[in-house]
Amino acid sequence: MLRFLLARLGGTLAVLAIVAVMVFALTRLASGDPIALLLGDQATAEDIAQARVQYGLDKPLLTQFGYWIKEVAQGNLGQSIFLQRPVTQALAERAEPTFFLATFAVTIAALIGIPCGLIAAVWRGRLVDQVFSAVAMLGASVPSFWMGLILIQIFAVWLGWFPASGYGDPGVPFIERLHHLVLPATVLGMLNSALIIRFTRASVLDILNEDYVRTARSKGLSERVVILKHVLRNALVPIVTVLGLTLALMIGGAVVTETVFNLPGVGNLVVRAVLRRDYPVIQGTLLVIAAIYVLINLAIDLIYMIVDPRIRV
Amino acid sequence: MPALSLRKWISRILSLSALAVPLAAPVQAAPTAANLAMIAEPQTLDPMGTTADLVGTIMQHVYEPLYTFDAKWNVVPMLADGLPKVSKDGLTHTIALRKGVKFHNGREMVADDVVASLQRWMEVSPRGKSVAKEVASIEAKGPNTVELKLKTPYAPLLAQLALPTGMAAILAKETIAPQLKDFIGTGPYKFKERKPDQYTLLTRFEGYASRKEPASGYAGKREALIEELRFVPVPNANTRVEGTLSGQFDYADLLPVESIGRLDKAGASVVPIMTTSFGFPYLVFNTKEGVLASQPLRQAVQMAFGPGEMMAAAFGDTRFFTIEPNHFPQGTPFYSTAGADKYNQRNASAAKDMAAKAGYNGQPVRILASRQYEFHYNMALVMAEQLKRTGIKTELQIVDWATLVQRRNDPKLWDIYVTHSGQFPEPMLSPPQLSEGAPGWWSSPAKQAALSAFNQEMDPAKRGALWGKVQQVVYDEVPYVNVGKFNGLSARAQRLQGYTPAAWPFFWNTTVAAK
């Protein structure tokens, strides 16, 4: 187990090193100048050149990369050009809405997806199966910005039940912030539940044909015990994988949903940084997202071992 | 499995989804706070650091200049006690300061603060740097007087000192640094907190010393009637519209013109605001390199253009734009029809002849535009078609805004780029092509002669006539084409009262009723 963990952590570091090089290179290969944007229309070429020196952007790329890597190794992701604060602070400020949005959305996706997938599998070929499968297909096809705008129109503009956007006024209690997350989390949860429904259905159908399920039924166990204890538990491995990856993707930023609902999350931070060419923010954030993604993958592998003892090394 | 179990399953799912219901209460905002949806996060809070409108809009509540504009775009005093005393040769401006004006840290403003602030402005502000070329010295003459000496007479000085963008803001001297950390000004609101991409918070400054004159435009009496201003960045235009319709925002800036129908139908709770002559789109020509370095060919292109079609494609609804050759609206000091015969010709055959005479040999005209502003893109499409009609080849380069602002600084990369500007009260404030060195690199004896006469004439009445000569040179040499004028659309909640539409929206003298 320890060897497995050490090997995976070594792999994680290698992946992050590759990501760091690629992120830096791609960021700088893209055209665009943050300083010209920062200074505005009246700035002359001389003004821009002068400011580039101030931000160290006049140095050769290798020098800039070396400096950045050195800082990253010391836990410093750099200073945002536009936000006038360290990237770590900007990320920390975005972590809360993104974390709660992702958790809220994955919970909704699981609460809808697992029962529906289970029901669709158990009543395979019946009307309920067809309805859930159609819903899953629809959910996978609907663009999140469209669903977001529809929910805003109905629940914010017409009914006034939820705020249309944002993460709450300054100083509002935490419950009010969660209130702002209901609509975006519902959008993400509903869209991702489509995937969960399909995975759960397929996984449960596989398990239902296993010998031990037949044995359990022949022992006279109630159908509820057979489904919940023998089928669902064994079907959970692929579902946990999908849920974990969904969570990782959302923590990396549900870019479109955060944009539509103007949530100050990680996705929004990355998008705005890309549009502004805020290099330190793009580099730092993508590196952290990659680290989270790799670590969640590692966590999923560990959960496999707990859920399915056969996987243990 | 029995049917009853299925119903149980469904009822369990429904009961779980019902958890959201207790949270579904209407949002309540503090009665003395206003939520103001802006188009983006400000690039910086340093009022001098950029000429971006958004920074000026927010920070004009915190910082004040020596002069400002009244409702008729006249320059009037703000922190200065009155208009400056100007020596007969037009070189020395003696500026008396108001007494009893306090900074947000409680200290009284004195001449040393003004001198230090203006010196910083001339060092860091793109606008200030251009003024610095004209200034010989600035010094304090006693605690409440500043003397500014020019190298040559420079008529736009007061307008430059009055503009809220790239502002010649008066800062508390002790806070002055290359990177501002404390935002201490004299305005009716003081800076409280900034959470990037969430809000910039300003709170009422209780010690504010207001002018006594009646409010007029940005001038006169300023009163912070709302306790807290929350500038919320909402870059997605649809989100700004929905947030306004749902009552979340008390004000929403720069809404898409397509939303006017929905705002009109929203009932009494939302008030659409149209700001006339809000700005002008303009097409900058590369006069330094490439196919359009040829002035006769630029004239041919101008002959081919139909600004009417471009504005229609850009803004759709005729309530939102006007097609007119005068660069400044009728009724303003700089209204002139000079060069009008060259505007909106849309004459393909004449343009073709002119292009042939100019020696056009089929090189593509590279049009640089961005979809950051959808109307830029729409105009670029129409422009390309109008040029094709005359046999001029085009190459559309549609890039994001960050790329455009970089590429336009390289004369090898483009021939025309699409941009826009706010409609400012003084010609020398925009477009930057009227100065030397801006992308386009327009420089000619006729330009220098016309602008020199215009900038050195201190009599406002004569300056109006002299602007006509500059406008004529612009039509003759075609360094840029001023396409027309567009109106801005924004909206406010009914409960936000006393708001005066302005190019840089301000919220002093404005109240907000409880929801």
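Guide: Helices α6(A) and α8(A) are oblique to each other, a word for angles that are not under 35 degrees (roughly parallel), over 145 (roughly antiparallel) or 65 to 115 (roughly perpendicular). The model is predicted, so local features need pLDDT of at least 70 and side-chain atom pairs 80 or more, while totals for chains, interfaces and linings use all residues. Residues are numbered from 1 along each chain, chains are lettered from A and ligands numbered from 1 in written order, and side-chain values use heavy atoms, without hydrogens and water.

Visitor: At what angle do α6(A) and α8(A) pack?

Guide: Helices are DSSP runs of H or I, at least four residues, and strands runs of E, at least two, numbered from the N terminus. Axes are lines fitted to C-alpha atoms, for helices over the stretch in contact, with angles from 0 to 180 degrees between N-to-C directions. Here α6 (residues 127-141) and α8 (residues 174-208) of chain A pack at about 135°, their axes 7 Å apart.

Visitor: Which residues of α6(A) and α8(A) meet?

Guide: Contact means heavy atoms within 4.5 Å. Among those meeting are A:F132 and A:A136 in α6(A), and A:L191 and A:R198 in α8(A).

Visitor: What is the strand order in the open sheet of chain B?

Guide: Strands of a sheet pair through backbone hydrogen bonds, either parallel or antiparallel. Pairing requires at least two DSSP bridges. In chain B the order is β4-β5-β7-β6, with antiparallel pairing. The edge strands, β4 (85-86) and β6 (135-140) of chain B, each pair on one side only. Two bridges join β4(B) to β5 (residues 92-96) of chain B, and B:K85 stands opposite B:T94 in β5(B).
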